Amino acid sequence: ADEFQHAVDALKASKEVKEKLNKEIKRFRNSMNSPAEVGVIRTYIETMLEMPWDKTCKEHKDIAFARQVLDEDHYGLEKVKERVLEYLAVRALTKKGEAPIICLVGPPGTGKTSIAKSLSRALKKPYVRISLGGVRDEAEIRGHRKTYVGAMPGRIIQNMKKVGVNNPVFMLDEIDKLSSDHRGDPASALLEVLDPAQNSAFNDHFIELNYDLSKVFFIATANILDTIPPPLLDRMEIIRLPGYTGAEKRMIAKQFLVKRQIAESGLNKNQISFTMAALDELISYYTREAGVRELERVIGSICRKIVRKVVSGDSAAEAKYKITPKEVHELLGQRKYSLDEVKSRPARGCAIGMAWTSYGGTILTVETTMMPGKGLLKLTGSLGNVMKESAETAFSYVRAHARHYNINKDVFEQNDFHIHVPDGATPKDGPSAGITIVTALVSLLTRKRVRPRLSMTGEITLSGKVTAIGGLKEKSVAALRAGIKTVIMPKENEKDLEEIPEEVRNSLEFIMVDEIEKALPIIFGDEGKEEKC
Ligand code: ADP
């Protein structure tokens, strides 16, 4: 108890904290005979003494240094870098300014976690990270009351204690994977953490006193926005990372991934080099992802195979390996992906749409078929409710406008229809495939086939209007990656074109439409052969 008392006297903290500690030390002295109680009070006092109440690390305002560090660690990601530099600039000028609460949203492997780490180096501040994936208990965030057996502070306070200063970079990983059940709602506890109006007095059940989190630089990451509770979303500044284009991946591979994987495999740069053509081969035919994680893995895999050759004495010790596309094939085997699926016209009744998932954008084929029956509509492919309704709307539109497309209306009474969206095991939802489903159905019924290398996105209304969709940026990056040349998109999304990376904008032809009727002749191309069904 005396030791504790000395520590409290020397502690840099507010009067309130010291008073609370003095009271607990008094209780500690008086409860010497009850081991359970002593244990709890002891943990409490120790935790309180280790908390960084007034311990702040120096604020560095060297913008040039920060820029250099951020560029050294990551290629591109301009928006994130700029936001951090702006923050530093405001700080330098005003000597204050609330730390921003940034949320990086993007597919896996786009550098969210690693840029947060790099931020801490640029700001010269220590860094802590908690993963919120699967956290469903409010007490994990806010702690248990001392009366609980085995009570502990929540993860926020535990990590503040661990990091030892009250202004670190604090990363909240996977904020979109929070869930809630009968054990309380962790999102509401997080709200208190992330709300600048409340976080100067964050209340942890265990420490019982308010803790000031307002100097912490919070940075959250998420794959998708949809599952983040709206009040939380409202408190954060969202920065979207749409995934990398082929050219960006090339630069990242050349400047970062190859060097890192060569070093990790124990080789040196005199023993192995990758040609640009080999990197392009890996990017186009061995990986298909929005980020660069798989790319890093295949580069690593090639390095390890070379290490094996070197170690097993298959080659002269000083031999230098130059990795070209030929070596890639030899070492990794057949190409894993091809552009064949989009090169030719899709089959009758099929059309290529674009989707946006937590793994980034992707293209997907909508398939339709019909068989003798009595006008029933069947939908498969793990479709969510919104997508099902969208398919029904598309079907009704085609049925109602059959005459316009030269479709005999009897086919609807004499056949059953089936719409399927492979692959069947991946859940899909959203209204943006409306235009694709109409196209596939019209193709089925008129025998026209969609132009090759064309994909489309757009919600449709019953009257045939094509309306706005989300995620155009992610979708078009993915379309280019998959070998698409022409994208049909809603006119209402025109403003989003600005956000699309220049490389993608220059390589794809975007055709804006507002009515399905006008879109279909473009989709089928002039040479579309017309036959009556
Ligand atoms: P996320 O958290 O978004 O899933 P990570 O931060 O784990 O992704 O990134 C995966 C890997 O890719 C890391 O090794 C990271 O350094 C690298 N990486 C991603 N983006 C870039 C970039 N722009 N420049 C350099 N390396 C990058």
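1. Which residues form one aromatic cluster? In this predicted model, the cluster consists of F395, F412 and F417.

2. The model contains an open sheet of five strands, paired in parallel and ordered β2-β3-β6-β1-β7. Its edge strands, β2 (127-131) and β7 (237-240), each pair on one side only. From one strand to the next, the twist averages 20 degrees.

3. V169 has F217 as its bridge partner in β6.

4. Two helices deserve attention alongside the sheet. Helix α6 (residues 112-122) lies across β1 (101-105), β2, β3 and β6, and runs at about 170 degrees to β3. Helix α8 (residues 155-163) also packs on the sheet, where it touches β2 and β3. The direction of α8 makes about 155 degrees with that of β2.

5. The count of aromatic pairs comes to eight. One of them is the tilted pair of Y44 and F206, with 5.8 Å centre to centre and 55 degrees between the planes. Because Y44 lies in helix α3 (residues 35-50) and F206 in the loop between β4 (202-203) and β5 (210-211), this pair ties together parts that are 162 residues apart in sequence. Y44 is buried, at a relative accessible area of 0%, and F206 is likewise buried at 0% relative accessibility.

6. Charged groups also sit over aromatic rings. The charged end of K124 is placed over the ring of F65, 4.6 Å from its centre. For R335, the charged end sits over the ring of Y285, 3.5 Å from the ring centre.

Notes
Residues numbered from 1 in each chain as written. Predicted model: local features only at pLDDT ≥ 70, side-chain atom pairs only at ≥ 80, totals over all residues. Heavy atoms only, no water. Pairing = 2+ DSSP bridges. Helix = DSSP H or I, 4+ residues; strand = E, 2+ residues; numbered from the N terminus. Axes fitted to C-alpha atoms, helices over the stretch in contact; angles between N-to-C directions. Contact = heavy atoms within 4.5 Å. Phe/Tyr/Trp six-rings, centres within 6.5 Å; stacked < 30°, edge-to-face > 60°. Buried < 20%, exposed > 50% of the residue type's maximum accessible area, 1.4 Å probe, protein only. Lys NZ or Arg CZ within 6 Å of the ring centre and 35° of its normal.
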